[in-house]
Amino acid sequence: MTTTPSSTPAPVSAPTRVVEAVDERVPWRRLVPLATQHVLAMIAAPVSTVFLVAGTLKTTPGVTASLLSAVLLLCGVGALLQSLGVWRIGGRLPFVMLPGGAATALFLQIAQEHGAPTATGAVLLAAALLLAVLPLYARVVRLFPPLVMGVTVLLIGIAMIRVAARLVTGPDGKGEPPAVLLAALTVAATVAAYVLLRGVWRQTSVLIGMAAGTVVAVTTGLGAFTPAAGSGFALPDLLPFGSPRFDLVAAIPLLVFSLTTLAEITGQTVLNSETVGRTPAPERDVPRVARADALVSLAGGLFGTSLMVTSAENIGIGRLTGVRSRYVTAGAGALLMVLGLATPVSRALAGIPEAVVGGSALVVYAVIAVMGVEMLRRADLSGTGTGNLTAALALTAGLLPLLTPDLYAGFPSWARTILGSGVVAGTLTAVLLTALLGRFGKGSRRPAQPEPCARE
């Protein structure tokens, strides 16, 4: 008797789902140290930015602590939103969020000229504008090629070096030797940390410089460390500068900047997608990233901060560790929220001497100016096109208000607001000349691929 093989087919196992590196869930024992690395790498930006705002606007230690708490909390919320995504909000990429250095510069410019409530209103208007223009994303982003972005960032850096210097010298511009020496020692400590350290610690060189400057101030008598009173956990204060005042003309610097961020978001999103091995899809992901930026910035305006922007600076850590998971930056966001709610941390940091903040700010905004130069290098500034003429005239329009502050004193107030802002005058000049002269030469027609970190 012979047996015949069964004709019943063997069961076919379901195909195994391949999890992309960006979607990998990291075990807790690895997640916590990896997330802590990201926090250490980016913590200097929110801390130094808040102290620059506090020093420039002469806020009380309590308000300074509240601002720092709000910024850390919003950085955490932004990192969670960008990393995990909700509906069409957030890119679901390993991003962190920071207060934009350039946006903070413009916030302070508006606050000094029109008052902090007007600056708060400008933040809310700029965030709302960013949300409103997203359906026109493809058209708006073409207005800001590398040449225009380079001019804008360079002018912001130059203008803010002047503001940072006033933190050292005081409003009268006459620096006392102890304050100047303390700022110089802070800069020296920052440079030493950047040169001598490596990896994550090198990325925290600004924070290390501030810590060293504070220690020198206390031990030598060059300054005083006066933390704000308070303990435990608490939410930051709502509207610390009072009810916002909405002035469209005064808000123009931040409105223009909010449009330029679309070019930066595009570059960062493409870079981050390529880094984690995901095929870039800017038409899908850029609006999602921008929506999260805008919504967190709206919340930031209510808590007294400037625009919050997504940052790609932590991509270097992902490359170093080989971990591309967005859940790691989500973990960093959770840690930042805890730091923001822990008032002893923010109130202790609020006591850093003003000259130390000024020294750190000089480094931060000098770096922003250099970023502008780097972006201009990517544009064609040779004599064969119109790019060199566009850059020259735009920089002239932007530097004139800084070099001759009374140049437009006889103009109407709305004209003084627009022309008297070097950033706005230079950016608008660059946009207009790029559009008008671009057809006559190749200097301004290269595709926009902005530097990924120019907004910090």
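Biologist: Which element of the chain has the lowest mean pLDDT, and which the highest?

Modeller: Helix 13 (residues 315-321) has the lowest, 60, and helix 5 (residues 116-133) the highest, 96. pLDDT is the predictor's confidence in each residue, from 0 to 100, and helices here are DSSP runs of H or I with at least four residues, strands runs of E with at least two, numbered from the N terminus. Over residues 443-454 the pLDDT is below 50.

Biologist: Good to know! What should I keep in mind about the model?

Modeller: It is a predicted model, where local features need pLDDT of at least 70 and side-chain atom pairs count only at pLDDT 80 or more, while totals for chains, interfaces and linings use all residues. Residues are numbered from 1 along each chain as its sequence is written, and side-chain values use heavy atoms, leaving out hydrogens and water.

Biologist: Why does Gly 91 count as buried?

Modeller: Buried means under 20% relative accessible area, exposed over 50%, partly exposed in between (1.4 Å probe, protein chains only). Gly 91 has 2% relative accessibility, so it counts as buried. Gly 91 sits in the loop between helix 3 (61-84) and strand 1 (96-99).

Biologist: How far apart in space are Gly 91 and Asp 285?

Modeller: They are 5.4 Å apart, C-alpha to C-alpha, although 194 residues apart in sequence.

Biologist: What makes the span of helix 14 close to the expected one?

Modeller: The expected span is 1.5 Å times one less than the number of residues. Helix 14 (residues 326-341) has 16 residues, and its 23 Å from first C-alpha to last is close to the expected 22 Å. Its buried residues include Tyr 327 and Leu 336.

Methods
Contact means heavy atoms within 4.5 Å.
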